[in-house]
Amino acid sequence: MATTAQDVRLIALSLPDSTEKPAWGMPTFRVGGKIFAALADDDASIGVKCPKEERAELIAAEPEKFFLRAGHDDNYAWIRVRLAAVQDEAELRSILTDSWRQAAPKRLAAAHPELTGGGG
């Protein structure tokens, strides 16, 4: 069963101190004022934080799941994820939690050791 925009919303907002705020006509999810996830306007994909040095490996390993929006993501620590290719809710939670950890203030992340480490 494919994950949906509603799954993204429920998981993202379940993370500590997360909020939803529209930006660029799309729902974005933030922690400490920083965006950690954004739904695409067609609800078919999300953007999440990802270190630039890890993006090529992820895309090479799973090109049906991970991609960059040419000309837009090049200069940012960001990657796109096709929701239809996400295996299940647990994988989506892992992806969103990893992005949340990268954006969360250090003190907040440290206060939630259950969310640190190798993913959901």
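This is a predicted model: local features need pLDDT of at least 70, side-chain atom pairs count only at pLDDT 80 or more; totals for chains, interfaces and linings use all residues.

Residues are numbered from 1 along each chain as its sequence is written, and side-chain values use heavy atoms, with hydrogens and water left out.

Helix α1, residues 5-14, packs with helix α3, residues 89-103, at an angle of about 50°, their axes lying 10 Å apart. The pair is therefore oblique (angles under 35 degrees count as roughly parallel, over 145 as roughly antiparallel, 65 to 115 as roughly perpendicular and the rest as oblique). From α1, Asp-7, Val-8, Ile-11, Ala-12 and Ser-14 meet Glu-89, Leu-92, Arg-93 and Leu-96 of α3, and the residues of this contact divide into five nonpolar, one polar and three charged (Ala, Val, Leu, Ile, Met, Phe, Trp, Tyr, Cys and Pro count as nonpolar, Asp, Glu, Lys and Arg as charged, and the others, Gly among them, as polar).

Glu-91 also has its place in α3, and it counts as buried because its relative accessibility is 17% (buried means under 20% relative accessible area, exposed over 50% and partly exposed in between, with a 1.4 Å probe and protein chains only). Apart from neighbours within four places in sequence, Glu-91 is in contact (heavy atoms within 4.5 Å) with Lys-65, Ala-85 and Val-86.

Asp-17, in the loop between α1 and β1, has a positive phi near 60° although it is not glycine, and with a relative accessible area of 55% it is exposed. Asp-43, in the loop between β3 and β4, likewise has a positive phi near 60°, but at 40% relative accessibility Asp-43 counts as partly exposed.

Note on methods:
Axes are lines fitted to C-alpha atoms, for helices over the stretch in contact, and angles run from 0 to 180 degrees between N-to-C directions. Helices (H or I, at least four residues) and strands (E, at least two) are DSSP runs, numbered from the N terminus.
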